[in-house]
Amino acid sequence: MALYFVYVGYMLLSQGPGEVENDYEEEADGGNRAVALFKGDLATVVLGNSKINQLKAILLLLISVLFIGLACFWLVEACQEFGAATGMPIYFVSVVLASAATSVPDTIISYKDAMKGNYDDAVANALGSNIFDVCFALGFPLFLFTLIYGPIEMSADTIENIGQLRVLLLILTIIVFFIFIFSKKGIKGIHAKLLLLLYVLFVVYSVGKGLSYDIPLISEVSNGLSQISHWFTALL
């Protein structure tokens, strides 16, 4: 969590003066509030046919957070049931299904920014979201759990599999880093296809490893990741 606050402080202090473009629509689509609620149009549910103000903006924010919280609760329950039904460990289910589901809002925002030509915003949204997820969204729940219940105990298999996932994510992060470094003239179609390919390979490995299929290639990759994980552990 401390790393995230350092990151936020750096971003706030490093930003110079500039203009803020506010393209938010002051009015909702309007119409029947019940129908809007069924469609998931919370802006119309709160605003109706009126314009937004400070009080309604706060109310809309609170209601949106409530719906997101409920959706996340059901998502966790669904992942647990899916893992129990397929025999896949919950952490493999989470890195594929839960992570994809919770990234849908980020994807929509980045898509809209990209369609408007705001490519920097599209990339920054994805990077900022992941930094928050890793540093705070993971750190704060772990802090509360260990504060209340004490240290978290995991089986040897769980530690081994999580270690492999950490190494795999580190490797993918390094590859993505160099993709952005060498794309000095901007992100092109080939870069986007390469990023999608990396994600597909990650999903294939996670599903194959999680379902314990005896696939020689996945087994070799798993053994390689284990060796790297053990090497990092020995250094520490």
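Tutor: A disulfide is taken here as a pair of cysteine sulfur atoms within 2.5 Å. Two remarks on the source: this is a predicted model, in which local features need pLDDT of at least 70 and side-chain atom pairs count only at pLDDT 80 or more, while totals for chains, interfaces and linings use all residues. Residues are numbered from 1 along each chain as its sequence is written, and side-chain values use heavy atoms, with hydrogens and water left out.

Student: How many disulfides does a search of the whole structure find?

Tutor: The search finds zero disulfides.

Student: Is cysteine 79 buried or exposed?

Tutor: Cysteine 79 is buried, at 5% relative accessibility. Buried means under 20% relative accessible area, exposed over 50%, and partly exposed in between, with a 1.4 Å probe and protein chains only. Cysteine 72, at 34%, is partly exposed.

Student: Turning to aromatics, how many pairs are there?

Tutor: The whole structure holds eleven aromatic pairs. Rings of Phe, Tyr and Trp (its six-membered ring) pair if their centres lie within 6.5 Å; planes under 30 degrees apart count as stacked, over 60 as edge-to-face and the rest as tilted. In one of the pairs, phenylalanine 136 with phenylalanine 140, the ring centres are 5.5 Å apart and the planes meet at 5°, so this pair is stacked.

Student: What about phenylalanine 178 and phenylalanine 182?

Tutor: Their ring centres lie 6.0 Å apart with planes at 20°, so they too are stacked. Both belong to helix α9 (residues 156-182) and sit four residues apart, about one turn of the helix. Helices are DSSP runs of H or I with at least four residues, strands are runs of E with at least two, and both are numbered from the N terminus.

Student: Why would that spacing matter for side chains?

Tutor: An α-helix has 3.6 residues a turn, so residues three or four places apart point the same way. As for accessibility, phenylalanine 178 is partly exposed at 41%, whereas phenylalanine 182 is exposed at 65%.

Student: Another topic: where does histidine 191 lie?

Tutor: Histidine 191 is in helix α10 (residues 189-210). Its relative accessibility is 17%, so histidine 191 counts as buried. Leaving aside neighbours within four places in sequence, histidine 191 is in contact (heavy atoms within 4.5 Å) with Ile179, Ser183 and Gly186.
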